[in-house]
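The following report describes one protein model for a reader who works with coordinates. Please look at the sequence and the structure before reading on.

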Amino acid sequence: MRTVLVTGLGGAGRTTVAAATALEAARGGQRVLLLSTDRDDTLGAVLGAPTCAVPAEVAPGLWAARTDSGTHFRTELLALQERAGSLLDLLGSKRLADEELTELPGSEQFALLHALRARGGPGSPGDSHDLLVVDMPALPETLAVLALPEQLRRYLRRLLPAERQAARALRPMLAQLAGVPMPAQWLYETAARWDVELAAVQALIEDAGTTVRLVAEPGPAAADALRTARTGIALFGAGVDTVVANRVLPQDSPDTWLATLGAQQQKCLAQWHDEWSPAAPLREVRHLGRDPRGLDDLTLLGEGLGPTAPVPAGALWEVEDRLADDNVLIWNLPLPGAVKDELSLVRRGDELVLTAGRFRRIVALPSALRRCAVSGAGLTGGVLRLRFTPDPQLWPRTQ
């Protein structure tokens, strides 16, 4: 199943583009699930039919739903409270009731991760669809969501290492010696369950069939934001399939004011063509002169918005073997739009801390590179090439 994550600058019309993309694919014969993350039912307003947490068919071949972060937060917290019951009783805690729980900031991101797992993972209801289109949050929040699964898994591994579970038979004795209760088994079981869920979402984000669709109104501010976002999206293992220039004005307007705005848009569009093509085609969506409402308007806007072939950035995260010629291994990391002066590399054991502008990712080194030392790096054509030289003390010797 293909997955298209639609995001963009705030107010650029990403919900409309997501709906038009999904409708165009459904009209082409695909079974499409359209998922919204907005707390308010903006997707229902665009479709002309209300949406809820349960997918409902809104057009032939098109089902729509939206996440419910409040319900998800209460359900998860109550479940965690139940599993930790014995520990909470030991501490003298007073249980929280469903009706007194209020959603905390940041819960929307976790609800979105859960929805992606539930609707897009193997064995999920989304398996009955050919395409999952997700109306993501605005661009900064989407970039944070793309990074979140890997970050949380790393924290879990550091705070609750799986190998500690092997010592559970010693916990009663250790508890007597220390005078304090040792971590309960449920804590490790919960961490393991979370790791499985997060791994599934991370696999979905980095899958070859998952791409990001960027939506923006042509203009100088949007051009700078998209250029920065391009690097972040690649850093977190996703690829951009299309850049959608939304609300494009006519070029031949007799109105001087509109003609001036149209000329500014055309200048920006020319720059986007040069920067993004052919890796991510540019699609122009004309301004209807009104807020799009209903399937008829979406049909007018959707021409040419059907999903393109996947172009995942992660495909180039590969190690090139040049040991025979140069005694080095080269790790190719695609970072389109990256600026050399804003790049930073720090190796920490078997991990690499990679910073590109305001984005940072900590990635595990491939097994072959863990026995090597970093001997150089270079940024060429939007690809960061890291050179690794084998460590004679760690590298297997050949006879």
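Leaving aside its neighbours within four places in sequence, which residues is Asp297 in contact with? With contact taken as heavy atoms within 4.5 Å, Asp297 touches Leu288, Arg290, Asp291 and Pro292.

This is a predicted model, in which local features need pLDDT of at least 70 and side-chain atom pairs count only at pLDDT 80 or more, while totals for chains, interfaces and linings use all residues. Residues are numbered from 1 along each chain as its sequence is written, and side-chain values use heavy atoms, with hydrogens and water left out.

**The chain as a whole**

The secondary structure comes to 12 helices and 15 strands, where helices (H or I, at least four residues) and strands (E, at least two) are DSSP runs numbered from the N terminus. Of the 399 residues in the chain, 44% are buried; buried stands for under 20% relative accessible area, exposed for over 50%, and partly exposed for what lies in between, with a 1.4 Å probe and protein chains only. The chain exposes about 20,200 Å², 55% of which is supplied by carbon and sulfur atoms, the areas coming from the Shrake-Rupley method with a 1.4 Å probe, and only the protein chains shown counting as cover for residues. Among contacts between residues at least 6 apart in sequence, 69% join residues at least 24 apart.

Asp297 belongs to helix H11 and counts as buried because its relative accessibility is 8%. Within this helix, which covers residues 294-301, Gly294, Asp297, Leu298 and Leu301 are buried. Seen down the axis of H11, these buried residues fall within an arc of 100°, so they line one face of the helix; the arc is that of the directions from the helix axis to the C-beta atoms. They pack against helix H1 (14-27), helix H2 (42-47) and strand S8 (282-286).

H1 and H11 pack at an angle of about 85°, with their axes 9 Å apart; the axes are lines fitted to C-alpha atoms, for helices over the stretch in contact, and angles run from 0 to 180 degrees between N-to-C directions. That makes H1 roughly perpendicular to H11, a description that applies to angles of 65 to 115 degrees. On the H1 side the contact involves Thr16, Ala19, Ala20, Leu23 and Arg27, which meet Leu295, Leu298, Thr299 and Leu301 in H11.

Arg286 lies in strand S8 and, with a relative accessible area of 48%, is partly exposed. Leaving aside its neighbours within four places in sequence, Arg286 is in contact with Arg247, Val248, Leu300 and Leu301. The C-alpha atoms of Arg286 and Leu249, 37 residues apart along the chain, are separated by 6.3 Å.

**Backbone and burial elsewhere**

Arg247, in strand S7 (residues 239-248), has a positive phi of about 60° although it is not a glycine. A positive phi of about 60° is also given for Asn327, likewise not a glycine, which is found in the loop between helix H12 (323-326) and strand S10 (328-334).

| Residue | Relative accessibility | Class |
|---|---|---|
| Leu132 | 0% | buried |
| Arg247 | 26% | partly exposed |
| Asn327 | 43% | partly exposed |

Note on methods. Parallel < 35°, antiparallel > 145°, perpendicular 65-115°, else oblique.
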